[in-house]
Amino acid sequence: MPVRAVVLPATVLLVPTTGASTGPADAVRAVVLAALRAVDAGAGWGVLGPAPDRSRRDGRPSLAGAGIADRWVPLLADDAWPAPGGPAAGTAVSVAALLLAEAHGARTAAAAGIVELADDDPEALEHAVADLAGRDAVVVAGGVPGDPHAGDACTPAVSAVVRELAARGGWRSRTEDVEAHGDHLPGRYTITVWDG
């Protein structure tokens with residue numbers, strides 16, 4: 001069955017930056033990229049993640065919220081992304097978009113559009129389900145903005161969208177736990193892949 005969604009832990013450690021060729025989360029990154037690459041390169045993607053404050057769409061990926069300037073992220077150098085200076089997406093959903101760009105190219109990721117959901121916005125949740133149900137596959141940022149102890153759990157709004165998409169599409173989930181050891185790391189990350 002084809003991969004329909006990949007839920008990844010939205011840690012900036014997964015995104016390659018200038019001068020960082022290896023890191024403690026490389027094994028996690030390899031599993032995430034393999035899952036994303038299991039989807040046809042020509043697929044229409046959606047990117048879903050939690051909003052740090054309010055629901056919004058189509059911001060330019062940026063890790064600036066995590067203290068990493070765009071110039072240090074080679075994946076942001078492609079002109080397929082919206083021009084710098086516009087609205088920036090939150091860190092969690094930016095991680096998901098950048099890993100999609102690494103797996104399938106910046107043009108694929110930029111065309112996917114980014115959906116960030118706040119938990120108190122049922123109208124945005126309905127729009128997200130309607131939009132993402134028409135996509136071939138979705139990459140989802142797990143984690144909760146501002147809570148380093150949330151692990152891989154998705155916010156309630158993001159979880160609700162994934163559950164609804166899975167119910168509509170008859171998707172089935174499988175998880176893979178990957179160890180990652182280092183200062184301030186949880187020791188284990190979970191990647192969830194939905195097939196359908």
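Val-47 stands opposite Val-139 of strand S5 in this predicted model. The pair belongs to a parallel pairing: S2 and S5 are joined over 4 bridges. Strand S2 spans residues 45-50, and S5 spans residues 137-142.

S2 also pairs with S4, again in the parallel sense and over 4 bridges. Here Pro-50 has Leu-117 of S4 as its bridge partner. Burial was computed for S2 as well. A residue counts as buried under 20% relative accessible area. By this cut-off 6 of the 6 residues of S2 are buried, so the strand is largely enclosed by the rest of the structure.

These strands are part of an open sheet of 7 strands. The order is S3-S4-S2-S5-S1-S7-S6, with mixed pairing. Strands S3 (56-57) and S6 (172-180) form the edges, and each pairs on one side only.

An antiparallel pairing links S1 (residues 3-9) to S7 (residues 187-195). It comprises 4 bridges. Val-3 has Asp-195 of S7 as its bridge partner.

Two helices pack on the sheet. Helix H1 (residues 26-37) touches S1, S2, S5, S6 and S7. The direction of H1 makes about 155° with that of S6. Helix H4 (residues 122-132) touches S2, S3, S4 and S5. The direction of H4 makes about 150° with that of S4, which covers residues 114-117.

Key. Residues numbered from 1 in each chain as written. Predicted model: local features only at pLDDT ≥ 70, side-chain atom pairs only at ≥ 80, totals over all residues. Heavy atoms only, no water. Pairing = 2+ DSSP bridges. Contact = heavy atoms within 4.5 Å. Axes fitted to C-alpha atoms, helices over the stretch in contact; angles between N-to-C directions. Buried < 20%, exposed > 50% of the residue type's maximum accessible area, 1.4 Å probe, protein only.
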